[in-house]
Amino acid sequence: MDKNDTRQTKTGADFPVVMEGLMGPVTLYDTTLRDGSQSEDIQFTIEDKIRIAIELDLLGVDYIEGGWPGANPKDIEFFRRIREIPLSRSKMAAFGSTRKAHNKTSEDPVLKALLASETPVVTIFGKSWSLHVKEVLNVSAAKNAEMIRESVAFLKDHGREVVYDAEHFFDGYKDNPDFAIDTIKAASEAGADWVILCDTNGGTLPWELSEIFGETKKAISTPLGIHAHNDCELAVANSLGAVRLGARQIHGTINGIGERCGNANLLSVMANLSLKMGMEVSTPEALSRLKHLASLLFELQNRPLPKNLPFVGESAFAHKGGVHVHAIRKNSRAYEHIDPASVGNRQRILLSEHSGKSNLIEKARQYGISMDGESPEAEKILHRLKELEHQGFQFEGAEASFELLMRAAMGTMQPFFTIEFFHILMDQQSSRQGGLSEATMRIRVGESHEHTAALGNGPVNALDLVLRKALTPFYPEVSEIRLVDYKVRVLTGDRGTSSGVRVLIQSGVGSQLWGTVGVSENVISASLMALKDSIDYWLLKSGVKPK
Ligand SMILES: CC(=O)SCCNC(=O)CCNC(=O)[C@H](O)C(C)(C)COP(=O)(O)OP(=O)(O)OC[C@H]1O[C@@H](n2cnc3c(N)ncnc32)[C@H](O)[C@@H]1OP(=O)(O)O
Ligand SMILES: CC(=O)C(=O)O
């Protein structure tokens with residue numbers, strides 16, 4: 001990091017009054033594999049869990065909560081398998097509850113399964129809110145305290161590091177402070193190594209959390225931690241607030257997944273602790289893996305990473321407004337709160353109807369095109385960009401089309417081929433089953449012509465195939481291109497089947513991906529426009545000379 005870059009050096013020293021004496025070493029506790037797996041639409045295989053655990057270890061988290069052994073066969077198997085994998089930094093934690101009211105501690109199936117998982121750390125949750133004690137467990141306050149005390153002591157007697165999660169602590173405290181405090185005293189007196197105050201329902205506001213945390217700290221000497229849910233979108237803020245008040249262990253999950261609205265996003269917590277609060281929770285190398293880990297988690301779930309995720313989302317450092325781009329070209333700090341590279345992300349400049357000449361010049365620079373911002377070409381391209389976006393084009397996901405447009409306007413690109421005509425025939429019978437179409441096409445390449453036909457699965461596929469077939473004799477590079485994604489969007493819903501459509505295509509060769517766009521009232525023409533751009537772009541990037 002550039003030492004003159006003051007974006008991310010707000011350390012304790014900058015806030016001496018608030019921070020002094022309050023911040024000590026903080027440990028990171030990841031519960032992606034347990035609380036995260038309680039998210040709707042998330043389901044990990046054992047292989048996923050092992051892969052994520054290894055990545056979390058590389059990231060340098062102190063604890064990995066691997067699951068609830070006994071809740072399902074997968075978690076039992078996971079703990080068996082992970083024992084054989086050496087982790088360099090992270091300690092594995094098994095999660096469960098305090099014993100059942102009517103069970104003897106030594107015979108309680110949950111506690112027995114926790115020990116059988118053979119993890120060095122065991123985390124158990126117990127009740128802090130009288131509502132749960134009375135109405136859910138249906139036991140007295142004394143019985144609840146006994147369950148907590150005996151469960152913690154039992155696990156300590158078996159040599160485990162014990163993390164005690166005080167479920168619903170903040171709601172319990174608001175309801176009856178003495179009751180809530182007595183429950184964590186029971187855990188503390190029984191030898192718990194950690195008492196974690198949980199905002200289980202995620203409804204606590206930052207100032208309520210500070211007040212309750214501050215009071216609770218006076219009641220017990222066991223190190224405190226925080227486990228915050230995100231139902232008010234305050235989980236990260238509440239976790240950071242707790243650190244300022246002395247919390248030593250922060251629970252969270254990758255990308256904030258978890259029950260209901262999720263948990264504190266541990267990646268954001270790490271970035272904030274390291275880059276804003278000057279705390280050494282991670283090395284710079286590990287921090288630069290944040291984006292990778294965020295993407296990996298959702299890739300394993302076959303889900304796209306939300307673009308607007310702080311720090312790690314594709315849009316986190318993407319600049320669209322012309323005013324912003326104008327400023328960041330002079331100094332990135334003007335509209336960036338940290339250096340994107342520090343979390344493994346990158347700066348992006350977007351092109352749209354909100355662009356000014358600065359967006360254009362920056363893009364031209366990235367494409368290796370020299371452009372004078374005051375030139376008539378720049379003015380013309382900007383005007384064309386805005387006009388096309390008004391017609392329904394969208395270049396944010398189709399930068400390859402924009403680069404071609406820019407090169408054509410600058411006169412630096414000769415056409416590789418021209419489509420002279422094409423026909424499409426659809427077999428009525430098989431089209432009812434979503435079936436075969438035939439495309440014929442005549443193209444011109446330099447002085448030569450090619451006239452050919454292809455059968456496809458529907459008209460767009462037939463068009464794609466015939467275009468490649470016609471071009472391959474001239475440009476064999478075309479056969480390398482893969483169609484990765486094809487999206488059609490109706491632009492004006494009020495004109496029924498005569499509405500304009502936008503087709504966005506993503507193509508790829510190896511790991512290289514590019515997007516192209518076409519707009520028309522005819523979905524076939526829009527598709528052909530995007531397909532043609534995709535091929536032109538690859539030929540350009542392959543260094544092929546037009547024939
Ligand atoms: C705040 C949290 O996120 S806590 C973690 C929540 N995560 C999960 O629930 C995921 C895994 N859970 C499961 O697979 C199942 O719920 C199991 C295996 C744990 C239990 O299943 P079942 O025995 O069928 O019970 P069920 O789920 O219906 O009810 C929960 C039981 O836990 C008991 N319980 C709840 N909290 C506690 C506690 N802190 N200490 C002791 N028992 C508790 C309830 O009283 C109830 O017991 P009961 O059936 O004897 O009344
Ligand atoms: C323990 C836990 O997951 C919670 O209280 O939210």
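Analyst: Helices here are DSSP runs (H or I, at least four residues), as are strands (E, at least two), numbered from the N terminus. This is a predicted model, where local features need pLDDT of at least 70, side-chain atom pairs count only at pLDDT 80 or more, and totals for chains, interfaces and linings use all residues. Residues are numbered from 1 along each chain as its sequence is written, while chains are lettered from A and ligands numbered from 1 in the order in which they are written.

User: What does UniProt list for residues 26-291?

Analyst: The unreviewed UniProt entry has "domain: Pyruvate carboxyltransferase" there; positions are in the numbering used here, feature names are shortened, and annotations may be inferred rather than shown by experiment. Over residues 26-291 the chain is 44% helix and 17% strand, with the end C-alpha atoms 22 Å apart.

User: And which domains does the domain assignment give?

Analyst: Domain 1 (21-282) and domain 2 (318-409), with bounds from an automatic or database domain assignment. Their C-alpha centres lie 45 Å apart.

User: OK, ligands. Which residues come nearest to ligand 1?

Analyst: Trp68, Ala71, Ser97, Thr98 and Gly126, out of 15 residues around it. A residue counts as near if its C-beta atom, placed from the backbone, lies within 6 Å.

User: What gives the most to that shell?

Analyst: Strand S4, with three residues. S4 (121-127) and helix H5 (130-137) each supply at least two.

User: How does the shell around ligand 1 split by class?

Analyst: Five nonpolar, five polar and five charged. Nonpolar means Ala, Val, Leu, Ile, Met, Phe, Trp, Tyr, Cys and Pro, charged means Asp, Glu, Lys and Arg, and the others, Gly among them, are polar.

User: Which residues are around ligand 2?

Analyst: Asp35, Phe125, Asp165, Glu167, Cys198, Thr200, His227 and His229. That shell has two nonpolar, three polar and three charged residues.

User: Switching topic: in what order do S14, S15 and S16 sit in their sheet?

Analyst: S14-S15-S16, an open sheet with antiparallel pairing; strands pair if DSSP finds at least two bridges between them. The edge strands are S14 (482-490) and S16 (512-520), each pairing on one side only.

User: How many bridges join S15 to S16?

Analyst: Nine, with S15 covering residues 501-509; Gly508 has Leu513 in S16 as its bridge partner. S14 and S15 pair over eight bridges, and Val490 has Val501 in S15 as its partner.

User: What's in the turn between S15 and S16?

Analyst: The two strands form a hairpin with two residues between them, and Gly510 in the turn has a positive phi of about 60 degrees.
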